[in-house]
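Hi everyone, thanks for coming.

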Amino acid sequence: MTFTSVLRSEWIKVRSLPSLPAVLALLFTSTVGFSIVGAASLGRENAHKPGFDPLLTAFYGINFGQAAAICFGATCVAAGYRGQGERIWLVAVPRRGLQYAAALTVVAGSACVAGVLTGLTSFLCARPFLDSARLAPDDPAVWRAILGCGVYVALMALLAAGLAALLRSGALAMGLLVPLVLLLSFTLGDVGGGAKWAEFLPDRAGRQVLLSHPAGALGPWAGLLVATLWAGAAVAAGWLIVRRRDL
């Protein structure tokens, strides 16, 4: 069995789950909606303050949409464990590595496309509420942020997918990661006085690509690299469990 055929079967499996399109729709609507709200409120209130970044404000909603990306990645992997589904898949595809790689490819590809479309829509919808002169569509930082949004969403989905494979539970993976990105990271990085090591948390590092002029130890690409290392570690840990697990 070839990788292409396994990839096609994984795509059919993901597409057939009614909850997953809803999660991607939630990613889009929450990110775009909160970006508009953030631009209309925070953007106008802070526009003349030193250090204000209109580009980051245009992607304000990703703070909430990333939770949907985590749910998407965790649900995609966890769906294979329902009703002893893993046994069925391994009978059809005995090579565990092939099946695992195909599942992660579908997760990353779907999340990346959804992330780019979400980032582009967020920018276009938030721009009228911000200083348009500082958010020119031909600005390289704008396109870096739009494409980087897709990569960041894919990395968060992969982080959740790897953790779900490690724990063999989508609920546990979501229960760990969603509070991390919505509460712990915000508390340590912002409320907690901007602890230096908090910059290396996966979400804070990955979101550096959404800044016009990132400040701190990590630039936009270095931040994505750190997020990639987090996702890679989770995927590798998940693979060790998938490879050794007795069914």
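I'll go from the overall chain to one helix pair and then to the core.

This is a predicted model, where local features need pLDDT of at least 70, side-chain atom pairs count only at pLDDT 80 or more, and totals for chains, interfaces and linings use all residues. Numbering starts from 1 along each chain as its sequence is written, and side-chain values use heavy atoms, with hydrogens and water left out.

So what's in the chain? It has 10 helices and 0 strands, taken as DSSP runs (H or I, at least four residues, for helices; E, at least two, for strands) and numbered from the N terminus. Of its 247 residues, 49% count as buried, meaning under 20% relative accessible area with a 1.4 Å probe, protein chains only.

Now, look at H1 (residues 3-16) and H6 (residues 96-126): their axes come within 9 Å and cross at roughly 55 degrees. Those axes are lines fitted to C-alpha atoms over the stretch in contact, with angles running from 0 to 180 degrees between N-to-C directions. On the H1 side, the contact (heavy atoms within 4.5 Å) includes Phe3, Trp11 and Val14, and on the H6 side Leu98, Val106 and Ser110.

Next, the largest nonpolar core, with 63 residues: which touch the most other members? Phe59 and Phe72 do. A core here is a set of buried Ala, Val, Leu, Ile, Met, Phe, Trp, Tyr and Cys residues joined through side-chain atoms within 4.5 Å. H7 gives the largest share, 18 residues. Leaving aside residues up to four places away in sequence, Phe72 touches Val14, Val107 and Ser110, among others.

Key: Buried < 20%, exposed > 50% of the residue type's maximum accessible area, 1.4 Å probe, protein only.
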